[in-house]
Amino acid sequence: MDRSAAQGPVVTSRLTRRQRRRISRGVQYAVFVAVVVVIAVLADWDRLQNQFAQADLAERLFPDIITIALRNTVVYTLSGFAFGLVLGLVIALMRLSSVAPYRWAASVYIEIFRGLPALLIFIFVGVAVPLAFPGTEIPGGTYGKVALGLGLVAAAYMAETIRAGIQAVPRGQMEAARSLGFSHARAMVSVILPQAYRIIIPPLTNELVLLFKDSSLVLFLGVTLDERELTKFGRDLASQTANSTPILVAGLCYLLVTIPLSFVVRRLEARTARAK
């Protein structure tokens, strides 16, 4: 008689896939809680509060941090976004053009301005342009320089986004418009671009969030007290008071704008996914 048969059937205990997932999730939660507890125990909260959370100092920042710094940040961002959107549309149409030099010029622009750090673009606008064109002033002063700097950077990314949106519109839309007697330019403006912009609204809104943060580079252009944006405003006050509370308050002001915008991006992306 076989010995294994005499001992009875062998019982194997193997975890199911669901059980393994539950164990893995529990381990991740435990690690997260452990990290939070370690940070909470080891951090010197008194020193952090003294350096970053002085309530009386935070109160002194208002209302200037809203009426000057936040206002300028929003104006810089919107002006750069508007300029970048217009220039990006032109570059995108050049990328799709049947004229080879247009495509080459657009490709060179995109590769250069996507590859260079935004800081170098601001230095170029603030230093190189006045040297290259003596006596020439950029319209709008600092606001014009910021719109140009942010717009040049944003246009390189927006151009690729707009081009992808145009190519995502079914080709039959252009053919149908041409069959109705539309010229190519009129069909592009009246039929293709409205549909393309509906597709690319989420990534364009995300680009707006990125520009809002990039507006902090304005400080390298040299601004007056009334032209300061949030980062410059916070740094100046932090230097004057030898305390980092103004920087923390400036960061919270950024979040007041970026968090709602990020929520809008997620809602738009969800709506676009449902539409598809």
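## Largest pocket

The lining of the largest pocket in this predicted model consists of eleven nonpolar residues, three polar and one charged. Here Ala, Val, Leu, Ile, Met, Phe, Trp, Tyr, Cys and Pro count as nonpolar, Asp, Glu, Lys and Arg as charged, and the others, Gly among them, as polar. The volume of the largest pocket is about 450 Å³. Among its 15 lining residues, L96, I166, M174, H184 and M188 are the closest to the centre.

A pocket is an open set of points on a 1 Å grid over the protein atoms alone where a 1.4 Å probe fits, with protein on both sides within 12 Å along at least five of seven lines; lining residues have an atom within 4 Å of a point. The volume is the space filled by probe spheres set on the points, which are joined across faces, edges and corners.

## Helices in the lining

At least two lining residues each come from α8 (142–168), α9 (171–179) and α10. The largest share, six residues, is supplied by α10. Helices are DSSP runs (H or I, at least four residues), numbered from the N terminus.

## R228

R228 lies in the loop between α10 (184–214) and α11 (230–241). Its side chain makes a polar contact (a pair of N or O atoms within 3.5 Å, one able to donate a hydrogen and the other to accept it; residues adjacent in sequence count only if both atoms are side-chain atoms) with the side chain of D236 at 3.3 Å.

## Basis

Residues are numbered from 1 along each chain as its sequence is written. Local features need pLDDT of at least 70, side-chain atom pairs count only at pLDDT 80 or more, and totals for chains, interfaces and linings use all residues, while side-chain values use heavy atoms, with hydrogens and water left out.
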